[in-house]
Amino acid sequence: MSKIGVFVCHCGTNISSVVDVYKVAEAAAQMPGVSYAAEYKYMCSEPGQQMILDAIKEHGLNRIVIAACSPRMHETTFRKMLKKSKINEYLLEIANIREQDAWVHPPGEEATEKAIDLVRMAVAKVAKNEPLKSSLIPITKKALVVGGGIAGIQAALDIADAGHEVVLLEREPSIGGRMVMLDKTFPTLDCSACISTPKMVDVSAHPNIKLLTYAEVAAVKGYIGNFTVTIRQKAKYVNQDICTGCGICEDKCPKKVTSEFNKGLSDRPAIYKLFPQAVPAKPVIDRETCLMLQNGKCGICAKVCPVEGCIDYEAKDVEYDEDFGAVILATGYKLVDWGGMYDEYGAGRYPDVIDGLTFERLVNASGPTEGHIQRPSDGKEPKTVVIVKCVGSRDPKKGKPYCSRACCMYAAKHAHQILDKIHGARVFIFYIDVRTPGKNYEEFYDQTRKDGAVYVRGRVSRIYSDGEGLVCQGEDTLLNKQVRVKADLVVLETAMEPNEGAGELTGLFGASRDVNGWIQEAHPKLRPVETQVGGVFLAGACQGPKDIPDTVAQASAAAAKVIGLLNQDEMETSPMIAAIDESKCSGCGACEPICPYRAITLETIRSREGRFTNAERVIAKVNAGLCQGCGACTVACRTGAIDLLGFRNAQILTEVDALWQ
């Protein structure tokens, strides 16, 4: 027999200023199965929780309804409270009379009547609830970090420093990501490499970190605490165990190709290190451009290598499985291909129209020009430079609708570097708005203007050559007139977008992406570093555009989540998952592709009863570790074989019936 207790919360005045909570409690006391009803100002407070526990003992209650705020806020709080009583924690229902009533209606009788209806539905459902019991799963005490930029590096170091094993996976020959390509970082103008390279060395020397470069994720199985990841180690054709990194092979290689790291401003050999401070500091062979691997005609690197057997042209890609308890995705970003978007900017036809990352290599002391700012077309020093912001950002018609966040400060930094390095230089910055939402960012922007940078509010509509240089034509919206600026060099601050392969990788882990392709967080405020897939976390610009401080902060936050998970020997799983009645399942498979978490598989079993004993048939099976209880499979099931525990069809229909009583 159900003995239900109903407890109505005032939520300060959030609810009671709109809903007559006393009347709701009085009405609840008259509902079928309710043995006790009361109201209290703050039901989630310690005194409020104790009041509920005392009522359970005094009135012998065996089910609880709490009329308060969203279950997203305090359902876990009240379940933990029930663990102190004899009531199963899942014999609890939350009637959301705040978000679904008080916050969306004016004060009055109608709001109160709606609150009573919501409580009536919860009372009807809780009477049908059944005790559920969570299970425990073991946790593999090892983490995988995918992406070796500053986000992945910071996350790996934090987890490793906490005493856990980490595998840091990077698809490029070296870790470092975009940060090592930069010259200085705003607003302090610290040397970017001076900050990042010591951390790269720390990664390579840390006893708890296994560094895998030139590698990628090929497949993923399992669930939180128990992921099995297939790692594809691409052939490097250089034995990393015996290579000394002397560099003779790089110097003697006759095949030169465009350097990706230097953004096409210089060449590199087919056997190469990504950059001088690369970690690992040993070369790999680019199979796509190596003469020996392509046509069998060369082999100079093997001949000049002082270590016998170090060069191995017969090396193959290798795949193997490794187990992890948690995963951090830190796949970073890339810049949009502005040439494909903006024909009016020359679409890449003018070598002196470059993006911001190319400028970083020009101004960098370790870059191809040793830090001397030169025009790519003729090597001359530019005297007038135009910087165009928001190229591809905040442009839903041609580019991306979102703001790339770092570009305003990026442009100010570039202006500062030009004015600092080129005596008598003039810098014009075309902008839509100036956004400086960081510590000392506004001050840095103000200083750039004082240094002489001229900010022009408006978009550049066209960039063209007049035979002597480049002309930027646009509008000054503050003066309401057209302007033309003749420039020696144009720097486009282009939009960030998700890195190549991020979509495929996200799919392998079962995570989701937003409309712009960024990996989707579980909740933007309450769970900003988690995905909807348990045990898979986010760090850095794979979630959306970020600057370096925000990236590092999120990486440490994700690492803290992983450390908290790996510190447990086993974890409790939610019992509110899909359950399949095998006697009803036809094995049609409609539920399998619907599941966003890949928790459902089809299996062949032998019948144990009835006319077809020992006959084989196909049924659906639910992996309790992967299932997140979303319920998508229940509506796809044609035979009604799937129910969601805690939200069975009968329970939901009982709520609907109660609404019309």
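Let's start with E370, which lies in the loop between helix α12 and strand β21 (384-391). Helices (H or I, at least four residues) and strands (E, at least two) are DSSP runs here, numbered from the N terminus. Please keep in mind that this is a predicted model: local features need pLDDT of at least 70, side-chain atom pairs count only at pLDDT 80 or more, and totals for chains, interfaces and linings use all residues. Residues are numbered from 1 along each chain as its sequence is written, and side-chain values use heavy atoms, with hydrogens and water left out.

E370 has a positive phi of about 55° although it is not a glycine. Most residues other than glycine have a negative phi, and most peptide bonds are trans. Is E370 buried or exposed? E370 is exposed, because its relative accessible area is 60%; buried means under 20%, exposed over 50%, and partly exposed in between (1.4 Å probe, protein chains only).

C390 also has a positive phi, about 60°, and is not a glycine. C390 is found in strand β21, and at 7% relative accessibility C390 counts as buried.

Now for the cis peptide bonds. One joins F186 and P187, with omega about 0°, and P187 lies in the loop between β8 and β9 (190-191). Another joins V279 and P280, again with omega about 0°; P280 has its place in the loop between β15 (271-272) and β16 (284-285).

Next, helix α12 itself, residues 356-363. How many of its residues are buried? Eight of its eight, so the helix is mostly covered. Those buried residues pack against several elements, among them β8 (184-185), β20 (353-355) and α13 (407-421); contact means heavy atoms within 4.5 Å.

Let's finish with the aromatic rings. The structure holds seven aromatic pairs. Rings of Phe, Tyr and Trp (its six-membered ring) pair if their centres lie within 6.5 Å; planes under 30 degrees apart count as stacked, over 60 as edge-to-face and the rest as tilted. F7 and Y36 make a tilted pair, 5.8 Å centre to centre with 50° between the planes. This pair links distant parts of the chain, with F7 in strand β1 (residues 4-9) and Y36 in strand β2 (residues 34-40), 29 residues apart. F7 is buried at 0% relative accessible area, whereas Y36 counts as partly exposed at 24%.

Y445 and Y455 have ring centres 5.1 Å apart and planes at 85°, so this pair is edge-to-face. Together with Y431, Y445 and Y455 form one aromatic cluster.
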